[in-house]
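Student: I would like to walk through this chain with you, from its overall fold down to single residues. Could we take a look at it together?

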Amino acid sequence: MKRLNLLEKYLKDNNHQSIDEKLERFELYFDALTQWNEKFNLTTITDINEAQIKHFIDSLLGNEYINDCDYICDIGCGAGFPSIPLAIVNPDKNFTLVDSVNKKITFINHIKELLCLDNITAIHSRAEDFAKQNFEKFDCCIARALAQMPTLAEYALPLIKPQGKFVAYKGINYKEELENSKKILTLLNSQIYSVSELNLTKDEKRYLIIVKKLRNCSKKYPRNANKPRTQPIIG
């Protein structure tokens with residue numbers, strides 16, 4: 001039995017191609033993650049079965065929602081979730097990974113070289129600074145386990161082209177976050193397009209929030225000085 005048997009089944013069930021090649025990259029990724037984690041505390045999940053479900057498979061749940069996107073930005077990428085698993089299975093798409101913690105970007109660059117992932121670029125930057133410099137550049141933004149929706153929306157939506165989308169990975173309390181996001185979504189000329197409930201395990205669900213950007217937004221967003229996080233626009 002292969003070490004990544006749960007991931008292998010998921011890839012087969014979802015009709016992925018070149019599965020052995022992809023599994024080899026995921027194995028290298030897992031081994032590097034556990035080795036670096038001993039020094040840099042990148043994740044609390046180090047059990048191989050738990051990592052397959054809560055890191056790899058969880059990340060891939062968003063795959064179908066980026067099918068029509070070529071240039072994708074992962075805000076607050078951390079140790080590379082969800083963007084590196086998505087980049088492994090989508091060699092034709094370009095992923096830009098942004099994080100304010102330099103050790104995480106150093107790890108991402110190591111993974112890029114180790115896995116020969118020519119379709120990723122890692123940027124050390126605060127989300128609001130990066131958004132100012134790359135206003136409406138991307139087809140899609142993705143984010144997982146970074147912040148509440150009002151903050152996430154202000155970080156991500158200024159990066160997205162009109163008619164682009166934002167894919168937010170959320171847990172069971174997503175409804176309250178959506179209620180609190182109405183004002184910022186209106187200010188950024190965007191709206192909730194769909195909410196998908198997906199089974200991560202038999203006991204755990206993942207909710208993918210898809211936000212559609214309808215037209216250009218003001219360049220005054222995101223606000224400076226960490227205000228999206230410390231003073232989120234709620235209502």
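**Overall fold**

Tutor: The secondary structure of the protein chain comes to ten helices and seven strands, where helices (H or I, at least four residues) and strands (E, at least two) are DSSP runs, numbered from the N terminus. This is a predicted model, in which local features need pLDDT of at least 70 and side-chain atom pairs count only at pLDDT 80 or more, while totals for chains, interfaces and linings use all residues. Residues are numbered from 1 along each chain as its sequence is written, and side-chain values use heavy atoms, with hydrogens and water left out.

Student: What radius of gyration does the protein chain have, against that of a compact globule?

Tutor: The radius is taken over C-alpha atoms, and the globule rule is 2.2 Å times the number of residues to the power 0.38. For 235 residues, a compact globule would come out near 18 Å. The C-alpha trace spans about 50 × 35 × 30 Å along its principal axes.

Student: Among contacts between residues at least 6 apart in sequence, what share joins residues at least 24 apart?

Tutor: Contact means heavy atoms within 4.5 Å. With that cut-off, and counting pairs at least 6 apart in sequence, the share that joins residues at least 24 apart is 69%.

Student: What percentage of the residues of the protein chain count as buried?

Tutor: Buried means under 20% relative accessible area, exposed over 50%, and partly exposed in between (1.4 Å probe, protein chains only). Of the 235 residues, the buried share is 54%.

Student: How far apart do the centres of the positive and negative side chains lie?

Tutor: Lys and Arg count as positive and Asp and Glu as negative, with His and the chain ends not counted. Each charge is placed at NZ of Lys, CZ of Arg, CG of Asp or CD of Glu. The chain has 33 positive and 30 negative side chains, and the distance between the centres of the two sets is 7 Å.

**Cysteines and a covered helix**

Student: How many disulfides does the structure hold?

Tutor: A disulfide is a pair of cysteine sulfur atoms within 2.5 Å. The count for this structure is zero. Cys-140 is in no disulfide, and its nearest cysteine sulfur, in Cys-69, is 4.3 Å away. Cys-140 is also buried, with a relative accessible area of 0%.

Student: How many residues of helix H7 are buried?

Tutor: Helix H7 covers residues 149–156 and is mostly covered. Its buried residues include Met-149, Leu-152 and Tyr-155.

**Backbone details**

Student: Which peptide bond is cis with omega near -5 degrees?

Tutor: As background, most peptide bonds are trans. The bond from Phe-81 to Pro-82 is cis, with omega near 10 degrees, and Pro-82 is in the loop between strand S1 (71–75) and helix H4 (83–89). Pro-222 sits in the loop between strand S7 (205–213) and helix H10 (227–230). The cis bond with omega near -5 degrees runs from Tyr-221 to Pro-222.

Student: Is Asn-15 buried or exposed?

Tutor: Asn-15 is in the loop between helix H1 (5–13) and helix H2 (19–40). Its phi is near 60 degrees, a positive value in a residue other than glycine. At 61% relative accessibility, Asn-15 counts as exposed.

Student: What is the phi of Asn-41?

Tutor: Asn-41 is found in the loop between H2 and helix H3 (48–60). At 58% relative accessibility, Asn-41 counts as exposed. Its phi is positive, near 50 degrees.

**Two residues and their surroundings**

Student: How far apart in space are Leu-188 and Tyr-221?

Tutor: Leu-188 lies in the loop between helix H9 (182–187) and strand S6 (190–199), and counts as buried at 0% relative accessibility. Leaving aside neighbours within four places in sequence, Leu-188 has contacts that include Ala-153, Glu-154 and Tyr-221. Leu-188 and Tyr-221 are 33 residues apart in sequence, and their C-alpha to C-alpha distance is 8.1 Å.

Student: Which residues are in contact with Pro-162, leaving aside its neighbours within four places in sequence?

Tutor: Pro-162 lies in strand S5 (residues 160–170) and counts as partly exposed, at 31% relative accessibility. With those neighbours set aside, the contacts of Pro-162 are Glu-136, Lys-213, Leu-214, Arg-215 and Asn-216.
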